Amino acid sequence: MAVRDEKQYWDEALETQPRARWEEMKLALLKAHLRHAYLNSPYYRNSFDQAGVHPDQLHALDDLRRFPFIDKRILRDRQLAVPPFGDLVAVPERDIVYISASSGSTGVPTASPFTAGDFDDWMDYEARQFWSSGLRPEDRYCHSLNFSLFVGGPCVLGAQKLGALSIHAGTVPSERLLAIIRQFQATAIWTTPSYAWYLGETAEKEGIDIRRDLNIRRIFVAGEPGGSIPETRRRIEALWGASVYDYYGLSDIFGACAGMCEEKDGLHWAEDHILVEVLDPESGIPVAEGERGEMVLTTLRKTARPMIRFRTGDIVSFASGPCRCGRTSQRLMGVHGRLDDMLIIKGVNLFPSDVEAIARQDHDLTGEYKLVVTREAQLDALTVELERSHAYQGGNEALAQRFQRQLKSVSGVSARVSILPPGALPRATHKARRIEDRRGGVWS
Ligand SMILES: [Zn+2]
């Protein structure tokens, strides 16, 4: 019987290698991966030919910029044209052993196929990531994410591979989950940030003393922006007396593309599996280190369906300086919002989610809001329309000034604030239209 090497998921030579070595490694992987895509996927062969590019023309990582983008719409269209997985697939169907699928909240769910080798690569990375967050074979790990086609489901196998006792709890009612955590004295769980908060509150309501009756020391979170907001993490940490680690995954790539090490200074990226570009969404030119830009991803090893220059629509920032933990991989420093939603007010990026976060915290407001952008004397101006709540008895001016101050301190944007009676703003039955742009030109 093989003896498990407890250090096998801390590969010091790889994880602390100089940046130049990472770049060489990615270039070698990328050359082989582009060739695989071109030779085996009808879609990529056609798309590269049409763009007049060939994998043999890639001599440096920058040469990737000559290759065409793909996006969610292309994935969906090709899947409908060539069911069930589309012609980006680059292996015979008999080699596909697993699929995840997106929720389909923005249309037809797109399926992401894996070969057995792809799946093993993913779990190896998952185990390495868990190790970096302090999970050890002595831990009892409770996985309470959805197993139904959701790419976060199989991540439990990464903890199992590392040697932790792995409890496949799934999404069960909170009382049942608390009973499982208590019975097996789980030391770590994975859930969403909002559920971690809810579960802690439920435990207290049920008379469970979280620190005495339970043994949770680590909480992994993903799937919501809250995990990357330090205040949200600190609130959950205080409630549970545990350490919170944010993870980032993407159904069309794999479960945990990045996760926090014990230093919690950004999320270490799976750099030997996925190449990142952070681009100005309009010009397609890379932004400076640390600046916000659209995240464009290229797989380096995933053979079943290579993803070459996938536009995620996520506005992110990255750092590539060394981390205090010794790892030298790039770190995802923040997911700031969706490209579709970004406004630029006097040179400052603003996402409706920034406004929403403040509006939802203030109980004197209904939480409904609208952003009106105008142009006055060559400058963009923003008016935020809000509704006071039924219960609020104070004056509109005080409420408006409070919101203005909060928005300025959170986002750096100065706005006019208009307080309306409750029910004055239109309610949308599907995705709400929150922005009205009266500037004309590119935004209209
Ligand atoms: Zn680190």
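Predicted model: local features only at pLDDT ≥ 70, side-chain atom pairs only at ≥ 80, totals over all residues.
**Entry 1: the four-stranded sheet**

I began with an open sheet of four strands, ordered β18-β17-β16-β19, with mixed pairing. I took strands as DSSP runs of E of at least two residues and helices as runs of H or I of at least four residues, numbered from the N terminus. Two strands count as paired if DSSP finds at least two bridges between them. At the edges sit β18 (416-420) and β19 (435-437), each pairing on one side only. From one strand to the next, the twist averages 20°. For angles, I used axes fitted as lines to C-alpha atoms, for helices over the stretch in contact, with values from 0 to 180 degrees between N-to-C directions.

Residues are numbered from 1 along each chain as its sequence is written.

Next I looked at β16 (residues 365-376) and β19, which run parallel and are joined by three bridges. Leu-371 stands opposite Ile-435 of β19. Helix α11 (residues 352-361) packs on this sheet, touching β16, β17 (379-388) and β19, and its direction makes about 140° with that of β16. By contact I mean C-beta atoms, placed from the backbone, that lie within 7 Å. Helix α12 (residues 396-411) lies across β17 and β18, running at about 140° to β18.

**Entry 2: the 11-stranded sheet**

I then followed another open sheet, of 11 strands, in the order β4-β3-β5-β6-β7-β8-β9-β13-β12-β11-β10, again with mixed pairing. On average, neighbouring strands here are turned by 35° against each other, direction ignored.

I picked β12 (residues 310-319) to trace across the sheet. Four bridges join β12 to β11 (residues 293-299), and the two run antiparallel. Six bridges join β12 to β13 (residues 331-338), also antiparallel. Elsewhere, β5 (residues 188-191) and β6 (residues 218-221) run parallel, joined by four bridges. Thr-191 stands opposite Val-221 of β6.

**Entry 3: the nonpolar cores**

Which residues have the most contacts inside the largest nonpolar core? I found Ile-216, Ile-219, Tyr-247, Cys-257 and Ala-258, in a core of 84 residues. Helix α5 (residues 116-132) gives the largest share of this core, six residues. Apart from it lies another core, of 16 residues, including Ile-358, Leu-365, Leu-382 and Val-384. A nonpolar core here is a set of buried Ala, Val, Leu, Ile, Met, Phe, Trp, Tyr and Cys residues joined through C-beta atoms within 7 Å. Buried means that 20 or more other C-beta atoms lie within 10 Å of the residue's own, exposed means 12 or fewer, and partly exposed is in between, with C-beta atoms placed from the backbone.

I also listed the neighbours of Cys-257: leaving out residues up to four places away in sequence, it touches Tyr-248, Gly-249, Leu-250, Trp-269, Ala-270 and Ile-274.

**Entry 4: helices α8 and α10**

Helix α8 (residues 193-205) packs against helix α10 (residues 230-240) at an angle of about 30°, with their axes 10 Å apart. That makes the two helices roughly parallel, a word used for angles under 35 degrees. The contact involves Pro-193, Ala-196, Trp-197 and Gly-200 of α8, with Thr-232, Arg-235, Ile-236, Leu-239 and Trp-240 of α10.

Not counting residues up to four places away in sequence, Arg-233 touches Gly-227, Val-244 and Asp-246. Its C-alpha atom is 9.2 Å from that of Val-221, 12 residues apart along the chain.

The peptide bond from Pro-83 to Pro-84 is cis, with omega near 0°. Pro-84 is in the loop between α4 (72-81) and β1 (96-101).

Lys-264 has phi near 55°, a positive value in a residue other than glycine. Lys-264 sits in the loop between β8 (258-260) and β9 (267-269), and is partly exposed, with 17 C-beta neighbours inside 10 Å. Arg-309, in the loop between β11 and β12, has phi near 60°.

How values were computed
Contact = placed C-beta atoms within 7 Å. Parallel < 35°, antiparallel > 145°, perpendicular 65-115°, else oblique.
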